[in-house]
Amino acid sequence: MEINVGRLKRHPEEILDFSFAVAPGEPAAGDLRLHSPLHVDGTVTNAGRSLLVRGNLAGEITLECSRCLEEFAFPLRVHFEQEFRPQSAGSPGFDDDFMTYNDDVLDLDDLIQQTVWLNLPMKPLCRPDCLGLCPVCGHNLNEGPCSCTPAVDPRWAPLADVKAHLPHPGQ
Ligand SMILES: [Zn+2]
Ligand SMILES: [Zn+2]
């Protein structure tokens, strides 16, 4: 999504509002798998040598559960703030966290995509108590138990061995 900031640059006292939606599959979504449109709104203010973008984004991202591997819609609602400087000011160095814009055009696509990536969970779960897959047959245990006998935890295997060699009471 591109925003024309020509007027804002000439009228620093003004605040520019923006509000738009990124639909699933749109180029603006980049590699994001959107489950529902991403709603983005906020303001751009002229801070002198840079422009400050503040906003909120909300939508649902399609993720794969790290336990049961099923896809689910992850609701995301985050606030973001980002400083933009003119491209002519040079590229950001290692310690700088500003982004750049060209002429009068502020492109928010990278900012939006980065904001979403940074706020996705490292280990997504379809629900907090997801039961995952059976390690033996791969059945999704959220859909009910499978017919496998529960696997013996390897840490208990030596104990099971000891028990097998104990004299049986009553013999
Ligand atoms: Zn799951
Ligand atoms: Zn099983």
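User: Thanks! How many bridges are there between strand 4 and strand 5, and in which sense do they pair?

Analyst: Strand 4 and strand 5 (residues 71–86) are antiparallel and share 14 bridges. Helices (H or I, at least four residues) and strands (E, at least two) are DSSP runs, numbered from the N terminus, and two strands pair if DSSP finds at least two bridges between them. Please keep in mind that this is a predicted model, where local features need pLDDT of at least 70, side-chain atom pairs count only at pLDDT 80 or more, and totals for chains, interfaces and linings use all residues. Residues are numbered from 1 along each chain as its sequence is written, while chains are lettered from A and ligands numbered from 1 in the order in which they are written.

User: Which residue stands opposite Glu64 there?

Analyst: That is Glu71, in strand 5. The hairpin of these two strands has six residues between them, and Leu69 takes a positive phi near 65° in it.

User: And what does strand 4 do with strand 3?

Analyst: Strand 3 (residues 38–46) and strand 4 (residues 51–64) run antiparallel, joined by eight bridges. Thr43 has Arg54 as its bridge partner in strand 4, Gly42 has Gly55, and Val40 has Leu57. In this hairpin, four residues lie between the strands, and Gly48 has a positive phi near 90°.

User: Zooming out, how many helices and strands does the chain have?

Analyst: The protein chain has three helices and seven strands. Along the sequence the pattern reads β-α-β-β-β-β-β-β-α-α.

User: In what order do the strands sit in the sheet?

Analyst: The order is 2-3-4-5-6, in an open sheet of five strands with mixed pairing. Strand 2 (15–22) and strand 6 (99–101) are at the edges with a single partner strand each, so one side of each has no neighbour in the sheet. On average, neighbouring strands here are turned by 30° against each other, direction ignored.

User: I'm looking at Asp17. Is that one buried or exposed?

Analyst: Asp17, which lies in strand 2, is exposed, because 10 other C-beta atoms lie within 10 Å. The cut-offs go like this: a residue is buried if 20 or more other C-beta atoms lie within 10 Å of its own, exposed if 12 or fewer, and partly exposed in between, with C-beta atoms placed from the backbone.

User: What share of the chain is buried?

Analyst: Buried residues make up 16% of the 171 residues.

User: New topic: where does helix 2 lie?

Analyst: Helix 2 (residues 109–118) lies across strand 2, strand 3, strand 4, strand 5 and strand 6, at about 135° to strand 5. Axes are lines fitted to C-alpha atoms, for helices over the stretch in contact, and angles run from 0 to 180 degrees between N-to-C directions. Contact is when the C-beta atoms of two residues, placed from the backbone, lie within 7 Å.

User: Which of its residues are buried?

Analyst: Leu111, Ile112, Thr115 and Val116 are buried in helix 2. Seen down the helix axis, they fall within an arc of 130°, so they line one face; the arc is that of the directions from the helix axis to the C-beta atoms. On the other side, Trp117 and Leu118 are exposed.

User: Last one: which residues touch the most others in the largest nonpolar core?

Analyst: Val22, Leu34, Phe84, Leu106 and Ile112 do, out of 20 residues. Strand 4 supplies the largest share, four residues. A nonpolar core is a set of buried Ala, Val, Leu, Ile, Met, Phe, Trp, Tyr and Cys residues joined through C-beta atoms within 7 Å. Not counting residues up to four places away in sequence, Val22 touches Ala28, Ala29, Leu34, Pro37, Leu38, Val40 and Ile112.
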